[in-house]
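Student: Please put the structure up, and then I will ask about it piece by piece.

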Amino acid sequence: MELNSHGARKIIMVTVIVIMLGYLAMWFIMPTNLYRLNWRPKLLAKLNSTYFGSQGPLILLFTSPIILISVLGSVYLHLGNQYREYGVIRKRKNILAKWKRPIIVKGPLGIVTGVELSFLIMFITLLIWSLSTFLYLGFGRIALIHGHQRWKAKWGTTVFRLGLTGNICLALLFYPVTRGSTILKMFGLTSEACIKYHIWLGHIVMAFFTAHGLGYLLLWAVSGQLSKALKWDKVGVSNIAGEVSLLGGLILWITTFPKIRRKMFELFFYTHYFYIIFMLFFFLHVGVSYAFYSLPGFYLFLVDRYLRFLQSRQGVQLLSARVLQCGTFELNFAKNPSLSYNPTSIVFVNIPALSRLQWHPFTITSSSGLESDRVSVVIKVEGSWTRNAYEVVSTSIVDRLEVSIEGPYGPSSNNFQRYETLMMISGGSGITPFFSIIRELLFTTSSTLNYQTPKILLISSFKTSKDLSMLNLILPQSNTQFDLTKLDLQIKAYVTREKQQTTLDYLKPPQTTWFTPLISDAPISPSLGKNGYLWLGAIILSSFIGFLIFIGIITRYYIYPIDRNTDDIFSTSLKTILYLLILCGCIVVTSSFGVMWNKKSNGKIIVSKDGVSPQATPESRYFVADRELESFPRQPLFESVEVYYGERPDLKRLLLDMKQSSVGVLASGPRGLRHEVASICASASAENLHFESISFTW
């Protein structure tokens, strides 16, 4: 079974690469006369029908390939779930290891690997090629114009081509933020790791579209034709729609700059919903036919967004919270045993009592293998939302807290077990992503198959001794039995703002708060069941086919008869709205069916609080769980901790002293820390160090 699955995955991957290369080639050919004067007319002659009209070639060449890749990716990932690769990964030679090393560490782009830099160069090349080709051919058509009208024609041609080039970036903009994307996971990427690509693309998109829009406004102003800005023609491009789209995009864009985003996060968060206005009026501006260039990424985003919406409507069973005096707390949710996820996965948490619209991402600290019936996240107070959440779980007198969850989202496979040594470096709350890795490796050592695990060195920096209490949350709250001594774990903790030990409070176990879920609350379950990837592929394929069938019927029997009448022409805006309504309707119907069908198989699982502590149910919701000391071996954990006061870790010495042939280096925490680690790993003397940054920018 494993060999068959592995062979099938190779065939699918080769097929996907071939389709993707053909798709990318079309973007290179699209600006040329070869496409415009040769290929496109021939395709129109063959594909232009009363069912799809002039958008037939665009659906075939620019939309269908991405849909097919996404569906094949669903099958690829489903087959990958059929077997685990513990103990095998380390033996494989990673031919891309050198390309994944950091090349650029400091600068506006942050940490950039060789692979990322290569794709960035190819992308910039595509933009330069497209813009220069558009301009060359466009200027060629106005060579015969003389006088003062010529510079106006060149101006108009330039700003028009800037819009065409910006559409290339828009076509890619939504892929990085499609959290359940099969395309990203198929290539070993995650949405949270790709956020920086979305940021880069967003800036480029808005730069091109702003130059496009303002360029036209200036051209109309100097030409005395400013009234064109108020035109919304029945057929063709709508200027007003374009201006509304640009205005919505500018409001969104301004709030994304770091100074505004960090100081006024809620403003940034809420204005990001302007993407709805931006995309809706963009489609009304260019018309539905041209929209098929950028539709695939947005289409997959809509599928993912609606599935997330369906999942978020269900309240989840919050079982307990472990509260630390350092302003950190752990939330424990009930989980359906059928839900499986990999270490460093994240969930988005919403607490309606604090804000019904705000969703905050947190790294899962539990292991789906070690803790089959619960999911845990650790939250540190770093803003108003987290501060309010801390006060609620630590002081509230209610015995239930309404919480909704989206996710988990994470890597499709584990890769940290390929290393001989795993070196994890963190600052402050950056330690939390490493909890899930430690627990997963602990589960691996406890399995009967005796999988080989790497040696673990955890280096963490904290501000005060009180923050050391976060180490209490490395091990799970449940009464799972495991032998910590089998795990080769060493922890070096650095307290930077204290010269000597001031307290031993961090050795005390955390205060535990118990919650009583309502009957309507449910454990966190896979929205599409155990075969979620197959269901996702089926939803994408069936909704797209349904979309094609319905627009074909409407075009043939409603739009086409009107267009044939020489006295009237069907409105481009109305056609666009009809297409968008059909698209959204197909997504809603197919996704709702998939979720409702699989909801039956998930069942209703209630995890009682007795299951957390085997001795007894606490008489009070608030107590210090001293008996938890009997549930898991905390003492061996703290025996492996070395605490250093009044100093920061000498990362260069610690990293370069690692002489093993393969050392995985994971960095999580402040930007400066990650950049320092990346800079060391990028040096010529550190070829055995394989760097990976764990962070997300919001």
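Student: In which helix is leucine 68 found?

Tutor: This is a predicted model, in which local features need pLDDT of at least 70 and side-chain atom pairs count only at pLDDT 80 or more, while totals for chains, interfaces and linings use all residues. Residues are numbered from 1 along each chain as its sequence is written, and side-chain values use heavy atoms, with hydrogens and water left out. Helices (H or I, at least four residues) and strands (E, at least two) are DSSP runs, numbered from the N terminus. On that numbering, leucine 68 is found in helix 3.

Student: Is leucine 68 buried, partly exposed or exposed?

Tutor: Buried means under 20% relative accessible area, exposed over 50%, and partly exposed in between (1.4 Å probe, protein chains only). Leucine 68 has a relative accessible area of 42%, so the residue is partly exposed.

Student: What separates the C-alpha atoms of leucine 68 and leucine 541?

Tutor: Along the chain, leucine 68 and leucine 541 are 473 residues apart.

Student: Which residues is serine 74 in contact with, leaving aside its neighbours within four places in sequence?

Tutor: Serine 74 also has its place in helix 3, and at 1% relative accessibility this serine counts as buried. Contact means heavy atoms within 4.5 Å. With neighbours within four places in sequence left aside, the contacts of serine 74 are Thr182, Tyr533, Leu536 and Gly537.

Student: At what angle do helix 3 and helix 13 pack, and is helix 3 parallel or oblique to helix 13?

Tutor: Axes are lines fitted to C-alpha atoms, for helices over the stretch in contact, and angles run from 0 to 180 degrees between N-to-C directions. Helix 3 (residues 56-80) and helix 13 (residues 295-312) have axes 8 Å apart and pack at an angle of about 40°. Angles under 35 degrees count as roughly parallel, over 145 as roughly antiparallel, 65 to 115 as roughly perpendicular and the rest as oblique. The angle therefore makes helix 3 oblique to helix 13.

Student: Which residues of helix 3 and helix 13 make the contact?

Tutor: Helix 3 contributes Phe62, Thr63, Ile66, Ile67 and Ser70. From helix 13 come Pro296, Tyr299 and Leu300.

Student: How far apart are the end C-alpha atoms of helix 4?

Tutor: The expected span of a helix is 1.5 Å times one less than its number of residues. Helix 4 (residues 114-141) has 28 residues and should therefore span 40 Å. The span in the model agrees, with the end C-alpha atoms 41 Å apart.

Student: In what order do the six strands of the parallel open sheet lie?

Tutor: Two strands pair if DSSP finds at least two bridges between them. The edge strands, each pairing on one side only, are strand 14 (641-645) and strand 16 (689-694). The twist averages 15° from one strand to the next. The order is 14-11-10-9-15-16.

Student: In strand 15, what is the bridge partner of leucine 422?

Tutor: Strand 9 (residues 421-427) and strand 15 (residues 663-668) run parallel and are joined by six bridges. Helix 20 (residues 671-681) packs on the sheet, touching strand 9, strand 15 and strand 16. The partner of leucine 422 in strand 15 is glycine 664.

Student: In strand 6, what is the bridge partner of phenylalanine 348?

Tutor: Three strands form an antiparallel open sheet in the order 6-5-8. Strand 5 (residues 346-350) pairs with strand 6 over four bridges. The partner of phenylalanine 348 in strand 6 is proline 361.
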